[in-house]
Amino acid sequence: MASNNQSVFHDFLPLMADKLGGERLIDELCNGFRLLMDPMTRVITLDSLKKNSAVLGLADLTDDDLMSMLKEGDLDGDGVLNQMEFCVLMFRLSPNLMKQSWLLLEQALR
């Protein structure tokens, strides 16, 4: 664990991709989205993220931290995350999976 109240991020997405395969990985990401979304609006809002983040062990994050997470993935600037934005964010936050994706793309293009 890092000092100075910094969290250590463990990138498990590549391991999940290897074990599950692409289609099941997307299914699991969709399950994660549904866990965090507001059931009425069907998007992830600051309130739904605050309410459901404890399930993911993120209860100690501040509102500013959670808002930063939303802004990081909010591609269309509407202040919330839809399912596609959430999945894109999860891939972007996984540098090892992105590296694997580029390697697969390079191999396919050869």
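Colleague: How many helices and how many strands are there in the protein?

Modeller: The model is a predicted one. From the N terminus on, its elements run α-α-α-α-α-α. The count for the protein is therefore 6 helices and 0 strands.

Colleague: What share of the residues in the protein is buried?

Modeller: A residue counts as buried under 20% relative accessible area. The accessible surface of the protein comes to about 7,900 Å², and carbon and sulfur atoms hold 57% of that surface. Of the 110 residues in the protein, the buried share is 25%.

Colleague: Which residue caps the N-terminal end of α5?

Modeller: Helix α5 covers residues 83-92, and its buried residues include Glu85, Phe86, Cys87 and Leu89. At the N-terminal end of α5, a side-chain oxygen lies 3.1 Å from the backbone nitrogen of methionine 84. That oxygen belongs to the capping residue, asparagine 82.

Colleague: Is leucine 35 buried or exposed, or does it fall in between?

Modeller: Leucine 35 lies in helix α2, residues 22-36. Buried means under 20% relative accessible area and exposed means over 50%. Because its relative accessibility is 38%, leucine 35 counts as partly exposed.

Colleague: What accessible area do Leu35, Val55 and Leu56 have together?

Modeller: Residues in a patch need over 30% relative accessible area, and leucine 35 has 38%. Leu35, Val55 and Leu56 form a nonpolar patch on the surface. Together, their accessible area is about 270 Å².

Note on methods: Residues are numbered from 1 along each chain as its sequence is written. This is a predicted model: local features need pLDDT of at least 70, side-chain atom pairs count only at pLDDT 80 or more; totals for chains, interfaces and linings use all residues. Side-chain values use heavy atoms; hydrogens and water are left out. Helices (H or I, at least four residues) and strands (E, at least two) are DSSP runs, numbered from the N terminus. Buried means under 20% relative accessible area, exposed over 50%, partly exposed in between (1.4 Å probe, protein chains only). Accessible areas come from the Shrake-Rupley method with a 1.4 Å probe; for residues, only the protein chains shown count as cover. A polar contact is a pair of N or O atoms within 3.5 Å; within protein, one must be able to donate a hydrogen and the other to accept it, and residues adjacent in sequence count only if both atoms are side-chain atoms. Patches are made of residues with over 30% relative accessible area and no salt bridge: like charges are joined within 9 Å, nonpolar side chains (Val, Leu, Ile, Met, Phe, Trp, Tyr) within 5 Å. A salt bridge is a side-chain nitrogen of Lys or Arg within 4 Å of a carboxyl oxygen of Asp or Glu.
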